[in-house]
Amino acid sequence: MSRTPNFEFQEWWNKQREKEHDELRLEKSGNFPTSPAFLSLEIRSSGSPGDRTADKDRARTRSARQISWVWLLKFQQIAGSLASITNGFVHLIRTANRRIASHDSPADSASSRLYKIIKVFLIVVLLLLVFELVAYFNGWHFKPPNVSSASAEVLGMIGFVYASWLEIRANYLAPPLQSLINLCIVLFLFQSVDRLVLMMGCFWIKFWGLKPVAAFEYSDTDENAPEDYPMVLVQIPMCNEREVYQQSIAAVCIQDWPKDRILVQVLDDSDEVEVQQLINAEVQKWQQRGVHILYRHRLMRTGYKAGNLKSAMACDYVKDYEFVAIFDADFQPGPDFLKKTIPHFKGNDELALVQTRWSFVNKDENLLTRLQNINLSFHFEVEQQVNGMFINFFGFNGTAGVWRIKALEECGGWLERTTVEDMDIAVRAHLCGWKFIFLNDVKCLCELPESYEAYKKQQHRWHSGPMQLFRLCFSDILKSKVSWKKKANLIFLFFLLRKLILPFYSFTLFCIILPLTMFLPEAHLPAWVVCYVPGMMSILNILPSPQSFPFIVPYLLF
């Protein structure tokens, strides 16, 4: 069947061809319209070699232009990255200079000397690095040139100095460094064994479900007799706590405890008048609600927290109370805190302290808080729980705990001789024969430092006093009537290993010895000391907080 020709399409096609010829003529004459009101359709056959060549030339031109733009964009990105890195490096140098300069005050003379030593050490390391690079590019590759077969003129001054340096390095510098390495390895092994023993104790507790059991429990109804509720004193020491004073006071005032059997002391050491007025107004607000709460402000602010607590315990009405619970200003106990802790004292006259665990509300705030959570989770769930379960002793955390007032008075009360007053009173109570327990399932909400400056201040306060305390109480430990096992635990494990050896070998091994072995290869540092064992210890440390496993690499550096 023959197809009928389409005359309408043919007519449209001829008109389009005529318009196209008119357009070409206008273009040649320079009168081409800028905004044509029609759509030009161009159909070329594949049989014209000239057209194909022109199309290829235009495609090559477009491709070359596109490649040029891509490279320009890449160069722009590289330049921006280099500028950002340079700005960051300059900012880092300026920040370091500011921090070093800020420690030049007379009060921080020790810190100033330490920074000067670090600066000198850094300059020496950089000079050694330049020296080794020069030797490497001269083809010596950490091997001394043959001085006997070539004179100093042949080697040149740098080669002669380098050969002498290698001789001094091998005969005089490497041996003492190797001795220091061996000492750190021994200390490292002791500390690793201590961690393994603690972890085994924690696994044993988890496997058998061990935990302290109270003699009785408070019922949810009002069936308990009044004598079941002993007199409890609650103390909240604070100083210029503008942000958190309301939460801490409210958390204590809503304790599920008879109001006539509890007294709250707000121990305010603030030196800002406005903060004093705010805290006093908050106390008055709770007094109007029927809560027994007092506001205390010292005129002579001596002794810091220890002096504040000592002053509060000197009040005449304290003798009417049997227990004292202590909470720092940023801690918020649950309403049933006293009902979960006080029953453990009943029928256990040797018990002096019930310590509860801290729970951090901002542990996922940033990387610093996540890494702190790993360390403190190990401290609570492993160190304190194991020591509390098997030897009934650990360091008081300074807050979120309940003390028997009789034990505080028997061991001498709060002393102002160190910055670790909580550890001081725990050691003295232990030497008097008192026992401690740790409740891992009772948690008290608190916050972690979110900035490096706040974290640095906290760590300085925690770590600056233990060795001073050890010096002060060493003779008391030897003269005490406790068993020799408890004396050995206090001296070798509690103080020397965990408070002195751990920070000493950590700083010496990873911050001094490891960089020096790069320039003194004659001193051998085994890879298992640097990599394998620290990696295993870090994995063990992170087990109490398994949700933090993705941060194990930053934790290794932390």
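The expected span of a helix is taken here as 1.5 Å times one less than its number of residues, where helices (H or I, at least four residues) and strands (E, at least two) are DSSP runs numbered from the N terminus. Helix H14 (residues 484–519) falls short of that span: with 36 residues, its end C-alpha atoms are only 46 Å apart, against the 52 Å that a straight helix would reach at 1.5 Å a residue. A kink of about 50° is found in H14, centred on leucine 496; the bend at a residue is the angle between axes fitted to the seven residues ending there and the seven starting there.

This is a predicted model, in which local features need pLDDT of at least 70 and side-chain atom pairs count only at pLDDT 80 or more, while totals for chains, interfaces and linings use all residues. Residues are numbered from 1 along each chain as its sequence is written, and side-chain values use heavy atoms, leaving out hydrogens and water.

Turning to the sheet, seven strands make up an open, mixed arrangement in the order S3-S2-S1-S4-S6-S5-S7, with two strands counted as paired if DSSP finds at least two bridges between them. Strand S3 (293–297) and strand S7 (435–446) are the edges, each pairing on one side only. From one strand to the next, the twist averages 20°; axes are lines fitted to C-alpha atoms, for helices over the stretch in contact (heavy atoms within 4.5 Å), and angles run from 0 to 180 degrees between N-to-C directions. Strand S4 (residues 323–326) pairs with strand S6 (residues 401–404) in the antiparallel sense over four bridges, and alanine 325 has valine 402 in S6 as its bridge partner.
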